[in-house]
Amino acid sequence: ALMDTGESVRITLRSIRAHKLRSALTVVGVVIGIASVITFATFGASVEAEIVGDIETSNAGNIYVFGTPSGDDDFDRTLQPVFTEYDVQQLEGIQGVQAVLPRGIVQTQSIQHGNRTLARQQVTATRPASITDGVLVEGRSFEADEEAVVVNERMAGSFSENLTTGERLTMTMPDGSERNVTVVGVVNGTRGEVPVSEFARQPRVYVPIDPFYDSVVESPSAGVRQRAYPQVTLVVDPRAIPETQSAIQAYISGDADARSLSADDTELVARSGNDFVEEISDVIERITRFVTGIAVIALVVGAIGIANVMLVSVTERTREIGIMKAVGARNRDVMQVFLVEAALLGTIGSLLGVPLGLVVGYGATRYAEVAFSLAPLWMALAVGVGVLVGVVAGLYPAWRAARVDPIDALRHE
């Protein structure tokens with residue numbers, strides 16, 4: 001008579017109960033493997049969703065214009081101020097462009113508030129339009145020509161008592177002179193910020209271009225000295241991004257002052273928020289796949305554990321196999337008993353590993369301050385792999401068990 005699966009499961013459960021500690025340790029191997037895979041996969045998915053979500057919501061209609069050294073990774077050179085006021089005016093005239101937000105760097109030695117001094121090398125100069133109601137936590141934007149600054153929340157929290165609007169800061173400039181400024185607003189970011197700068201959630205200070213920013217160059221087109229900026233963000237009509245982006249790229253690659261002021265090997269690019277989304281998603285996915293791949297090694301170790309235990313189990317139960325065969329069990333019935341046991345160990349490991357992985361993944365997202373997102377595909381894959389690991393690991397021991405000679409088995413002590 002062919003043994004039914006229910007009988008196999010009963011025999012399996014009896015065997016697992018008989019060797020509780022051994023079975024538990026075997027399952028732990030699978031649990032660790034599955035939990036590692038799920039932890040890394042959910043953390044990767046959470047980071048990606050957070051960053052992509054941020055960029056998509058805050059930068060939907062933005063096009064970023066900057067120079068990148070082609071073939072050379074000298075990052076300092078990307079920050080050369082090459083976009084002149086003439087360029088800014090020309091960009092403002094392109095159809096579809098709603099606002100142009102140039103950004104410059106102002107060097108400072110330190111920033112002081114009360115008795116605390118922060119050594120800070122640079123603050124960001126931009127137009128008042130960069131500070132919108134959407135990013136303000138309190139206060140208002142500065143006005144042009146105002147001796148005022150706006151700080152981000154990290155900066156506000158950098159001093160012993162949190163900075164609030166109306167307080168004074170002292171900025172020490174590179175030449176040693178001091179400027180007293182008033183904090184007029186606190187923000188959680190600014191309009192027109194390059195998306196990747198969000199990664200470095202550093203304390204930041206924003207100042208109006210007038211009167212703080214004084215990087216000037218000779219404008220080839222206007223023939224006079226003008227302010228020049230390392231990066232310009234254009235806010236464009238989101239419905240016309242492709243056409244506007246092409247028009248901007250055509251201008252900066254052609255007659256722009258920036259083109260003649262840049263080094264020959266510097267490429268001037270116009271990138272949309274979506275370009276950043278795609279690049280960042282690719283990078284995060286590659287990292288997630290790599291790290292999750294490493295976690296799969298833990299699963300392989302779990303599989304070896306199952307195979308090991310099953311081989312020991314076959315040796316221990318030789319007599320039991322002999323009795324099963326003597327009462328009419330066929331080779332495939334014997335195989336089934338051992339395969340069910342191995343698959344069950346793998347399944348239990350998966351079912352315990354998934355919640356553990358989710359808990360650890362959740363903890364990691366809390367630590368990294370990102371919203372928790374699930375990776376359903378990886379979860380299904382991990383459970384599938386866990387069960388598969390059990391079955392594959394049990395194949396050889398089950399085959400060994402099926403080949404036991406019943407006469408020798410019954411003699412076996």
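Ile287 counts as partly exposed because its relative accessibility is 49%, where buried means under 20% relative accessible area, exposed means over 50%, and partly exposed lies in between, with a 1.4 Å probe and protein chains only. This is a predicted model, in which local features need pLDDT of at least 70 and side-chain atom pairs count only at pLDDT 80 or more, whereas totals for chains, interfaces and linings use all residues. Residues are numbered from 1 along each chain as its sequence is written, and side-chain values use heavy atoms, with hydrogens and water left out.

- Together with Ile294, Ile297 and Val301, Phe290 makes a nonpolar surface patch of about 430 Å²; the accessible areas come from the Shrake-Rupley method with a 1.4 Å probe, and for residues only the protein chains shown count as cover.
- Patches are made of residues with over 30% relative accessible area and no salt bridge, with like charges joined within 9 Å and nonpolar side chains (Val, Leu, Ile, Met, Phe, Trp, Tyr) within 5 Å.

- Helix H1 (residues 5-18) has 14 residues and should span 20 Å at 1.5 Å a residue, which agrees with the 20 Å between its end C-alpha atoms; the expected span is 1.5 Å times one less than the number of residues.
- The buried residues of H1 are Ser8, Ile11, Thr12, Ser15 and Ile16.
- Seen down the axis of H1, these buried residues fall within an arc of 135 degrees, so they line one face of the helix, the arc being that of the directions from the helix axis to the C-beta atoms.
- An α-helix has 3.6 residues a turn, so residues three or four places apart point the same way.
- Arg10, Arg17 and Ala18 are exposed residues carried on the face of H1 that is turned away from its buried side.
- Helix H11 (residues 331-367) has 37 residues and reaches 53 Å from its first C-alpha to its last, close to the 54 Å expected at 1.5 Å a residue, and just after H11 the residue Glu369 takes a positive phi of about 60 degrees.

**Aromatic pairs**

- The structure holds five aromatic pairs.
- In one of them, the rings of Phe66 and Phe276 have their centres 6.5 Å apart and their planes at 35 degrees, so the pair is tilted; rings of Phe, Tyr and Trp (its six-membered ring) pair if their centres lie within 6.5 Å, and planes under 30 degrees apart count as stacked, over 60 as edge-to-face and the rest as tilted.
- Because Phe66 lies in strand E1 (residues 62-69) and Phe276 in helix H9, this pair ties together parts that are 210 residues apart in sequence.
- Phe66 is buried, with a relative accessible area of 15%, and Phe276 is buried as well, with a relative accessible area of 6%.
- The rings of Tyr213 and Tyr229 have their centres 5.3 Å apart and their planes at 15 degrees, so that pair is stacked.
- Tyr213 sits in the loop between helix H6 (209-212) and strand E12 (216-218) and Tyr229 in strand E13 (residues 225-229), so to speak 16 residues apart, and the pair links distant parts of the chain.- Both Tyr213 and Tyr229 are buried, and Tyr64, Phe66 and Phe276 form one aromatic cluster.

**Salt bridges**

- The structure holds 13 salt bridges, a salt bridge being a side-chain nitrogen of Lys or Arg within 4 Å of a carboxyl oxygen of Asp or Glu.
- Arg127 lies in the loop between strand E6 (122-126) and strand E7 (136-139) and Glu92 in helix H4 (residues 85-92), so the pair ties together parts that are 35 residues apart in sequence.
- Arg239 and Asp237 are joined by a salt bridge of 3.2 Å, N to O; Arg239 counts as exposed at 73% relative accessibility, whereas Asp237 is buried, with a relative accessible area of 18%.
- Arg140, Glu143 and Glu146 are linked in a network of salt bridges.

Notes. Helices (H or I, at least four residues) and strands (E, at least two) are DSSP runs, numbered from the N terminus.
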